Amino acid sequence: QDEKEKLTWSDRMPGYAANLGLILFMVLLTFSAVFGVIVYRITTAAALSFSTDERTRSNVRVTVTATAVIINLVVILVLDEIYGAVAKWLTEIEVPKTEKTFEERLVLKAFLLKFVNSYAPIFYVAFFKGRFVGRPGQYVYVFDGYRMEECAPGGCLMELCIQLSIIMLGKQLIQNNLFEIGIPKLKKLFRKLKDERTEPNEMDTNQSKDPQQWDLDYILEPFTGLTPEYMEMIIQFGFVTLFVASFPLAPLFALLNNIIEVRLDAKKFVTELRRPDTVREKDIGIWYNILSGIGKLSVIINAFVIAVTSDFIPRLMYRYAYSHNGTMHGFINHTLSYFNVSHLKAGTQPENSLFARDVVFCRFKDYREPPWSQNQYDFSKQYWAVLSARLAFVILFQNLVMFLSVLVDWMIPDIPKDISEQIKKEKSVLVDFFLKEEHEKLKLIESFIARDKQKRKGGSKGERLRAASFSQLNRSRKGSFASFSSQHTEV
């Protein structure tokens with residue numbers, strides 16, 4: 001029992017396996033929720049399209065987009081709370097060695113789960129929606145009856161802006177502001193009612209007086225650390241940086257939210273939470289690496305948003321490569337391909353237009369070969385040219401921004417010049433002080449050595465004097481003995 005037991009790899013493997021399995025399960029759960037919202041959008045759009053009300057049919061896209069984003073927001077808020085509790089439990093079963101290791105692993109798991117949960121719907125709209133719909137005659141269907149949803153005729157950029165703004169603002173308003181004030185108040189009320197039930201018969205002699213400060217402090221919510229506060233700012237930083245090309249007002253809304261949240265957090269820490277235990281830390285720890293990673297990832301994602309989600313590259317390509325007069329006249333016609341209506345499957349033909357009877361060809365948005373070409377409906381040369389330009393723009397944009405960030409980092413030092421000079425002065429003052437102290441110590445030691453030498457010299461002189469007097473005494477004694485013996489001989 002006195003020996004300390006150490007956990008081996010065989011002891012830790014079940015915890016690691018449970019971590020890996022549950023994290024993968026929760027990531028799949030997030031993707032399943034996103035897919036469920038996609039199915040909702042497809043089925044709702046199909047149902048509203050058959051409505052007898054003309055206003056309902058004309059506003060199908062707006063209705064479906066708004067309701068789907070609200071459902072996404074509710075799912076994100078619910079899963080965030082679940083993922084926070086699960087991440088803490090998974091970290092506990094790992095049995096980390098130190099408290100710092102425990103906190104770093106908890107932060108990493110919670111951030112990974114909340115990152116996927118918060119940004120998965122936005123990633124879908126930005127990079128996947130409208131990419132896998134097929135073409136007329138070969139559409140991609142879900143559940144053998146519903147076509148995959150497409151972007152609006154103007155592209156998915158506006159829908160991405162709507163999705164990002166509603167999720168970001170709703171998450172900040174509900175989770176970061178209302179929950180931060182409401183949940184501690186509810187817990188405080190619940191704990192107060194529980195204490196009153198457990199001790200109903202106790203009578204305090206000082207009950208008439210005002211309660212003491214420690215009684216009031218005990219009712220407050222215990223302080224659980226700064227991890228939730230950091231996590232809010234990190235997720236907000238991701239909203240601001242990852243998709244800022246589609247929603248340029250995101251930094252402004254984040255600034256307004258932070259101004260309000262500073263006062264709400266001050267009220268919460270003063271009136272709703274117990275006093276935190278102070279802990280000295282060298283830096284913000286793993287949060288710096290997460291911020292750095294998000295900053296680098298945001299450059300790549302914004303490059304793809306500009307190149308793939310928007311029509312910036314196709315417009316440049318048309319203006320400088322395909323336009324006859326260097327203008328955008330004819331751009332829409334250039335982005336449309338031809339399709340022969342007779343190639344549609346039976347039962348899927350559209351009704352004839354009211355403006356043109358006996359339609360033979362229709363147009364759809366894509367870069368494909370016309371039906372009279374040898375390789376009909378294959379991707380055209382324009383498609384590959386635009387794709388090459390998009391990839392070239394991503395590479396150029398990424399390297400340019402990375403170079404500028406490194407240049408700015410080199411030009412602007414981490415420590416301001418006046419502070420660094422002050423630090424140098426403090427160091428020089430400390431060095432001078434230590435040298436002066438050492439010099440005084442050296443003088444003191446030298447004085448002690450000199451005194452010791454003087455004492456030794458004084459002691460050796462006395463010894464020589466004593467030795468000389470002792471030898472002189474011996475000589476006098478020997479002389480008197482010799483004279484006495486001579487006198488005795490004469491006698």
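Is C161 buried or exposed? C161 is buried, because its relative accessibility is 18% and the cut-off for burial is under 20%. The model is a predicted one. Its chain has 491 residues, and 29% of them are buried. The secondary structure consists of 13 helices and six strands.

**Overall build**
- Among contacts with a separation of 6 or more, 75% are between residues 24 or more positions apart.
- The chain exposes about 34,400 Å² of accessible surface. Carbon and sulfur atoms hold 63% of that area.

**Cysteines**
- There is one disulfide in the structure.
- The disulfide links C151 with C156, with an S to S distance of 1.5 Å.
- The C151 and C156 link is left-handed, at -80° about the S-S bond.
- C156 is buried, because its relative accessibility is 2%.
- C362 has a relative accessible area of 28%, so this residue is partly exposed.

**Nonpolar cores**
- In soluble globular proteins, nonpolar side chains tend to be buried together.
- The largest nonpolar core here contains 40 residues. I122, F239 and F243 touch the most other members.
- Seven elements are listed as each giving at least two residues to this core: α1 (9-49), α3 (60-94), α4 (99-128), α5 (157-198), α7 (227-242), α8 (250-272) and α9 (286-309).
- Helix α4 gives this core its largest share, 12 residues.
- Beyond its neighbours within four places in sequence, I122 is in contact with L160, Q163, L164, I167, F239 and F243.
- A separate second core has nine residues, among them A303, M317, Y367 and V394.

**Nonpolar surface**
- L400, F403, L404, L407, V408, W410, M411 and I412 make a nonpolar surface patch of about 880 Å².
- I412 sits in the loop between α12 (381-411) and α13 (417-490).
- I412 is exposed, because its relative accessibility is 54% and the cut-off for exposure is over 50%.

**Salt bridges**
- The whole structure holds 12 salt bridges.
- E159 pairs with R41 in a salt bridge, with the closest N and O atoms 2.1 Å apart. This pair links distant parts of the chain: E159 lies in helix α5 and R41 in helix α1, 118 residues apart.
- Both partners count as buried: E159 because its relative accessibility is 7%, and R41 because its relative accessible area is 3%.
- K109 pairs with E94 in a salt bridge, and their closest N and O atoms are 3.1 Å apart. Distant parts of the chain are linked here too, with K109 in helix α4 and E94 in helix α3, 15 residues apart.
- K109 and E94 are both buried.
- E150 forms a salt bridge with R147, where the closest N and O atoms are 2.3 Å apart.
- E150 is partly exposed, because its relative accessible area is 33%. R147 is also partly exposed, because its relative accessible area is 34%.
- One network, built from salt bridges that share partners, joins R41, K129, E149 and E159.

Key. Residues numbered from 1 in each chain as written. Predicted model: local features only at pLDDT ≥ 70, side-chain atom pairs only at ≥ 80, totals over all residues. Heavy atoms only, no water. Helix = DSSP H or I, 4+ residues; strand = E, 2+ residues; numbered from the N terminus. Buried < 20%, exposed > 50% of the residue type's maximum accessible area, 1.4 Å probe, protein only. Contact = heavy atoms within 4.5 Å. Areas by Shrake-Rupley, 256 points an atom, 1.4 Å probe, with all protein chains shown as cover. Disulfide = S-S within 2.5 Å. Patch = residues over 30% accessible without salt bridge, like charges linked within 9 Å, V, L, I, M, F, W, Y side chains within 5 Å. Salt bridge = Lys/Arg side-chain N within 4 Å of Asp/Glu carboxyl O. Core = buried A, V, L, I, M, F, W, Y, C linked by side-chain atoms within 4.5 Å.
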